[in-house]
Amino acid sequence: MKKAIIVALAAVALMSGAQEKKEANMSDAEILKWKDGKKAVFMLEFDDSCVTHVTNAIPELKKRGMVGTFYINAGNGPFKNKQNDWEKEIPKMGMEYGNHTFTHKGAPTLEEVDKDIALANDEINKCFPDRKTPRLISFGQPGGVPWKITKEEFEKLLAKYNLVNRPSFFGYPFHAKTKEDVLKLVDNAIAKGEMGHHDFHGVGGDWLVTPMDIFTALLDKLEANKDLVWVTDPVSYHKYLTERKGAELKVVQKDAAQIKLQLTCKTDAALYDLPLTLHTKVPADWKECSVEQGKSKTSAKVEAGAIRYSAEPVSGEIVIKPAKK
Ligand SMILES: [Zn+2]
């Protein structure tokens, strides 16, 4: 008898807990944690403009419509071996470039590394002539070379060149020693709902080589989980995260005719321009909605009583109305 009561009480407690959780998860209007409502983020980063990036890695990425970020050293031999590919062909394939300095010689002095970073940014801008400048560029510090500047000097350089320091190098064969270790990075990112990444040197050749079968197994795993994982580049990840943390979304009016939201963003719109993904509950009889933000107007289909849509990360009003029948 006593036991039955405890079980029943426990069940009630569980049910109300679940209910509360459901309501907390589904607020009337929210900025989703990651772009397009994905559960996790994954980034593929490639150092030193290895020739095998051009011959082995990029064709596999391209086949799957996946982005890789290449930390090029345009002043060095491997880059020059494939200069036309790096400068003309690869930027058209949807790949991203990061600053790994022009010559990978490190920071023997502040003056030298300043110049090496500036030259690398110039080269990246030359490869993407259609993009506005200044813009944020990812920075990957070259390893295995002297780095004789202070943390403060380094921070100043990053700010001077609009660079975003990437997460520390992590990859095969240093931190992940088997194919299973590499694949587990994706599972961990999904389980935590956070960002995971793998960094490469050679792929199927060159130096510090990741074997081809491990590389393609990772891409296949990401492709199999594409509904859960946002495969992106470090600057897009940084933008989304920074924008979301600096933004607030509030319902200011809600009636049968429209929902009015106030989006407040603290980020600098000139540099932080990646659309945020928003989620808003709408009245039960709305089937399709129009979403207006400033001069832009889009439509969104109602699913499970709510819409999901993109919004520019700028402060202002967003107006949602049922689409006219
Ligand atoms: Zn390197």
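Visitor: Which residues does Thr232 touch, not counting residues up to four places away in sequence?

Guide: In this predicted model, Thr232 touches Val41, Phe42, Met43, Leu44, Val67 and Tyr237. Thr232 itself lies in strand β8, residues 229–232.

Visitor: Why is Thr232 called buried?

Guide: Buried means under 20% relative accessible area. Thr232 has 5% relative accessibility, so Thr232 counts as buried.

Visitor: What makes Asp48, His100 and His104 the protein donors of the zinc ion?

Guide: A donor is an N, O or S atom within 2.8 Å of the metal. The OD of Asp48, the NE2 of His100 and the NE2 of His104 lie 2.1 Å from the zinc ion, so these atoms meet the cut-off. Water is not among the atoms, so the site may look incomplete. In sequence the donor residues are spaced D-x51-H-x3-H.

Visitor: Why is Val145 called partly exposed?

Guide: Partly exposed is the range between the 20% limit for buried and the 50% limit for exposed. Val145 has 26% relative accessibility, so Val145 counts as partly exposed.

Visitor: How do you know that the count of disulfides is zero?

Guide: The rule asks for a pair of cysteine sulfur atoms within 2.5 Å, and by this rule there are zero disulfides. For Cys50 the closest cysteine sulfur, in Cys127, is 16 Å away, which is too far for a bond. Cys50 is buried, with a relative accessible area of 0%, and Cys289 also counts as buried, at 0% relative accessibility.

Visitor: What makes the pair Lys63 and Glu60 a salt bridge?

Guide: Side chains of opposite charge can pair when their charged atoms come close. The cut-off for a salt bridge is 4 Å between nitrogen and oxygen. The closest N and O atoms of Lys63 and Glu60 are 3.2 Å apart, so the pair qualifies. Both residues lie in helix α2 (residues 51–63), three residues apart, about one turn of the helix. By this rule the chain has 17 salt bridges.

Visitor: Which of these two, Lys63 or Glu60, is exposed, and which is buried?

Guide: Exposed means over 50% and buried under 20%. Lys63, with a relative accessible area of 61%, is therefore exposed, whereas Glu60, at 14% relative accessibility, counts as buried.

Visitor: What does the salt bridge between Arg64 and Asp220 tie together?

Guide: The side chains of Arg64 and Asp220 meet at 2.8 Å, N to O. Arg64 lies in the loop between α2 and β3 (69–72) and Asp220 in helix α8, so the pair ties together parts that are 156 residues apart in sequence. Arg64 is buried, with a relative accessible area of 17%, and Asp220 counts as partly exposed at 38%.

Visitor: Why is the salt bridge between Glu96 and Arg131 said to tie parts of the chain together?

Guide: The closest N and O atoms of Glu96 and Arg131 are 2.9 Å apart. Glu96 lies in strand β4 (residues 96–99) and Arg131 in the loop between α5 (110–127) and β5, so parts that are 35 residues apart in sequence are tied together. Salt bridges that share partners also join Glu60, Lys63, Arg64 and Asp220 into one network.

Visitor: Which residues make the nonpolar surface patch?

Guide: Phe174, Trp207 and Leu208 make this patch of about 260 Å². Membership needs over 30% relative accessible area; Leu208 has 36% and counts as partly exposed. The place of Leu208 is in the loop between β7 (195–200) and α8 (212–224).

Terms used. Residues are numbered from 1 along each chain as its sequence is written. This is a predicted model: local features need pLDDT of at least 70, side-chain atom pairs count only at pLDDT 80 or more; totals for chains, interfaces and linings use all residues. Side-chain values use heavy atoms; hydrogens and water are left out. Donors are N, O and S atoms within 2.8 Å of the metal (3.2 Å for Na, K and Ca); water is not among the atoms, so sites may look incomplete. Buried means under 20% relative accessible area, exposed over 50%, partly exposed in between (1.4 Å probe, protein chains only). Patches are made of residues with over 30% relative accessible area and no salt bridge: like charges are joined within 9 Å, nonpolar side chains (Val, Leu, Ile, Met, Phe, Trp, Tyr) within 5 Å. Accessible areas come from the Shrake-Rupley method with a 1.4 Å probe; for residues, only the protein chains shown count as cover. Helices (H or I, at least four residues) and strands (E, at least two) are DSSP runs, numbered from the N terminus. Contact means heavy atoms within 4.5 Å.
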